[in-house]
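Reader: I would like to learn how to read this model, one feature at a time. Please show it to me and pick a place to start.

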Amino acid sequence: MTAKGVRKMEYSLATDGDRHALTLLWNQVFGDGAGFIHQCLNGFAGPGHVYVAREQGTLQAQLLAVPCTIGGERGVYLYALATRVSARGAGVMSGLLSFAEHDSRLKGARFAALIPASPPLFGFYSPRGYWAATHLRPLTWASYGETTGQVAFNTVTPEDCLAMRRRYCPEGLV
């Protein structure tokens, strides 16, 4: 804390040395196990897309900025945004969002999208420039000869998504 009571945060990309602290915070906030967390860090987001906020070397918040494309535009899907309970309400996540958004713009992202984990979080993200822009509708898919038997359209778990990404996307391509 500074003399005025404002937290002094360091924002950066995560390093291999952050893995244990990331796993602990993620588990505390979302309840996921280490195996799933490591799949997300390694394969879903990958190196260079995990951002952290530290105060005096201690991890206070995290977010994954997963590269994606929507409508031909490059952007990031923000995932697993988590703040240590003791750091909530102090602007830590707002600062981390700003840092990650700026860095993502420098890497060519034109937008950031996220899905709040609970309804009250819509109120957190709205003043930060996010708005509800997605509507869902059930779709039926035509079967195309080149994909028949290769792709099944149904409920996809994060593990399924990672497996499909490894199978159909060359290394480094999102």
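Author: Start with Ala80, which is placed in strand β4. Strands (E, at least two residues) and helices (H or I, at least four) are DSSP runs, numbered from the N terminus. The model is predicted: local features need pLDDT of at least 70 and side-chain atom pairs count only at pLDDT 80 or more, whereas totals for chains, interfaces and linings use all residues. Residues are numbered from 1 along each chain as its sequence is written, and side-chain values use heavy atoms, with hydrogens and water left out.

Reader: Is Ala80 buried or exposed?

Author: Buried means under 20% relative accessible area, exposed over 50%, and partly exposed in between (1.4 Å probe, protein chains only). Ala80 counts as buried because its relative accessibility is 10%. Its phi is near 55°, a positive value in a residue other than glycine.

Reader: What should I make of a positive phi?

Author: Most residues other than glycine have a negative phi. Gln56 is another case to look at, with phi near 50°. Gln56 is found in the loop between β2 and β3, and is exposed, with a relative accessible area of 75%. Ala80, by contrast, belongs to a strand and is buried.

Reader: What is the pattern of the chain along the sequence?

Author: The order is β-α-α-β-β-β-α-β-α-α, which comes to five helices and five strands. Of the 174 residues, 30% count as buried.

Reader: How far can I trust the coordinates?

Author: Look at pLDDT, the predictor's confidence in each residue, from 0 to 100. The chain has a mean pLDDT of 81, and 76% of its residues reach 70 or more. Over residues 145-153 the value stays under 50, and for that stretch the model has five contacts beyond four places in sequence. A contact here means heavy atoms within 4.5 Å. Where pLDDT is low, the predicted coordinates should not be read in detail.

Reader: What share of the contacts between residues at least 6 apart join residues at least 24 apart?

Author: The share is 62% in this chain. Ala61 gives an example of residues apart in sequence: Ala61 and Arg88 are separated by 27 residues in sequence and by 9.1 Å in space, C-alpha to C-alpha.

Reader: Where is Ala61 placed, and which residues is it in contact with?

Author: Ala61 lies in strand β3 and is buried, with a relative accessible area of 0%. Leaving aside neighbours within four places in sequence, its contacts include Leu25, Tyr51, Ala82, Thr83, Val92 and Met93. Leu96 is also among the contacts of Ala61.

Reader: Which residues have the most contacts inside the largest nonpolar core?

Author: A nonpolar core is a set of buried Ala, Val, Leu, Ile, Met, Phe, Trp, Tyr and Cys residues joined through side-chain atoms within 4.5 Å. The largest one has 19 residues, and those with the most contacts inside it are Leu63, Leu78, Leu81, Met93, Leu96 and Leu97. Two or more residues are given to this core by each of β2 (50-55), β3 (58-70), β4 (73-83) and α3. Helix α3 supplies the largest share, five residues. A second, separate core of 16 residues includes Cys40, Val52, Val66 and Ala82.

Reader: What does Leu96 touch?

Author: Not counting residues up to four places away in sequence, Leu96 touches Tyr11, Tyr51, Val52, Ala53, Ala61, Gln62 and Leu63.

Reader: Is Asp103 buried or exposed?

Author: Asp103 is buried, with a relative accessible area of 17%. It lies in helix α3 (residues 92-106). Beyond neighbours within four places in sequence, Asp103 is in contact with Leu13 and Tyr51.

Reader: How many aromatic pairs does the structure hold?

Author: Rings of Phe, Tyr and Trp (its six-membered ring) pair if their centres lie within 6.5 Å; planes under 30 degrees apart count as stacked, over 60 as edge-to-face and the rest as tilted. The structure holds nine such pairs. Phe44 and Tyr79 form an edge-to-face one, 5.2 Å centre to centre with 80° between the planes. This pair links distant parts of the chain, with Phe44 in helix α2 (residues 34-45) and Tyr79 in strand β4, 35 residues apart. Tyr77 and Tyr79 form a tilted pair, at 5.9 Å and 40°. Tyr77 is partly exposed, with a relative accessible area of 22%.

Reader: Which residues form one aromatic cluster?

Author: The members are Trp26, Phe30, Phe36, Phe44, Tyr77 and Tyr79.
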